[in-house]
Amino acid sequence: ALYLKYKEDFVSHLRGMFAIAIYDNGKLMLFRDRLGKKPLFYMQNEKSFVFASEIKALKPFLKHTEMDKDAMLSYLGYLAPTSPLTFYRGIKKLAPSEYLIFHNNKTTIKNYFDLIDTQPCIITSEEDAISKLSEKLEESISLRLKSDVEMASLLSGGIDSATINYYAKKLGKKVPTYT
């Protein structure tokens, strides 16, 4: 419904982790979430365009496997190949907040979000920092507690699971917990 209303700009209205494929009127569009939590790989050869959220799903479509030397250099500099590089020559990945349009055997890549262009959060004191962090955590956890199905929480003993459960209780959501 969001795509029908906003077309390609629908992705600007989404929050969270996703990799989305939409086929519309002969045009394939692939969208990756803003921070790149969900991977999205693709490859194109003379006969096909193939995509998946895991490289192993694309490997059978390679004629032969060959390491991409530029990806290795990127790995040595950044501890991971930078987009669009992967270790496999011929397989590429979308960068965070990018979307790809495949139409008439032609690929176009566009960016829909820039983290640097977002409004900065001005913090003037320790109390201000705590207050703003608390607001963001409450908003984020509140959004994720909305569900059509029952959910539970795993208490791992770490600060993240404890924080999520604290805010769930604060928001009045009874979440069964397990350790």
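Select Lys 7. Lys 7 is partly exposed, with a relative accessible area of 44%. Here buried means under 20% relative accessible area, exposed means over 50%, and partly exposed lies in between (1.4 Å probe, protein chains only). Phi of Lys 7 is near 55°, a positive value in a residue other than glycine. Lys 7 sits in the loop between α1 (2-6) and β1. Helices (H or I, at least four residues) and strands (E, at least two) are DSSP runs, numbered from the N terminus.

A word on the model before you go on. It is predicted: local features need pLDDT of at least 70, side-chain atom pairs count only at pLDDT 80 or more, and totals for chains, interfaces and linings use all residues. Residues are numbered from 1 along each chain as its sequence is written, and side-chain values use heavy atoms, with hydrogens and water left out.

Next, go to Asn 105. Asn 105 also has a positive phi, of about 65°, although it is not a glycine. Find Asn 105 in the loop between β6 and β7. Is Asn 105 buried or exposed? At 54% relative accessibility, Asn 105 counts as exposed.

Now show the strands. Four of them form an open sheet in the order β1-β2-β6-β7, with antiparallel pairing. Two strands pair if DSSP finds at least two bridges between them. Which strands stand at the edges? They are β1 (19-24) and β7 (106-111); each has a single partner strand, so one side of each is left without a neighbour in the sheet. On average, neighbouring strands of this sheet are turned by 15° against each other, direction ignored. Such angles are taken between axes, which are lines fitted to C-alpha atoms (for helices over the stretch in contact); angles run from 0 to 180 degrees between N-to-C directions.

Zoom in on β1 and β2 (residues 27-32). Six bridges join β1 and β2 in the antiparallel sense. Pick Asp 24: its bridge partner in β2 is Lys 27.

Colour the aromatic rings. Rings of Phe, Tyr and Trp (its six-membered ring) pair if their centres lie within 6.5 Å; planes under 30 degrees apart count as stacked, over 60 as edge-to-face and the rest as tilted. The count comes to seven aromatic pairs. Select Phe 31 and Tyr 99: the ring centres are 5.1 Å apart and the planes are at 20°, so the pair is stacked. Phe 31 is in strand β2 and Tyr 99 is in strand β6 (residues 98-103), 68 residues apart. Both Phe 31 and Tyr 99 are buried. Then select Tyr 42 and Phe 49: their ring centres are 5.9 Å apart with planes at 20°, so this pair is stacked. Tyr 42 and Phe 49 are both buried.

Move to Ser 83 and Pro 84. A cis peptide bond joins them, with omega about 10°. Pro 84 lies in the loop between α2 (69-78) and β5 (92-93).

Last stop: the largest pocket. On a 1 Å grid over the protein atoms alone, a pocket is an open set of points where a 1.4 Å probe fits, with protein on both sides within 12 Å along at least five of seven lines; lining residues have an atom within 4 Å of a point. Select Arg 15, Gly 16, Arg 34, Leu 35 and Arg 144, which lie nearest the centre among 16 lining residues.
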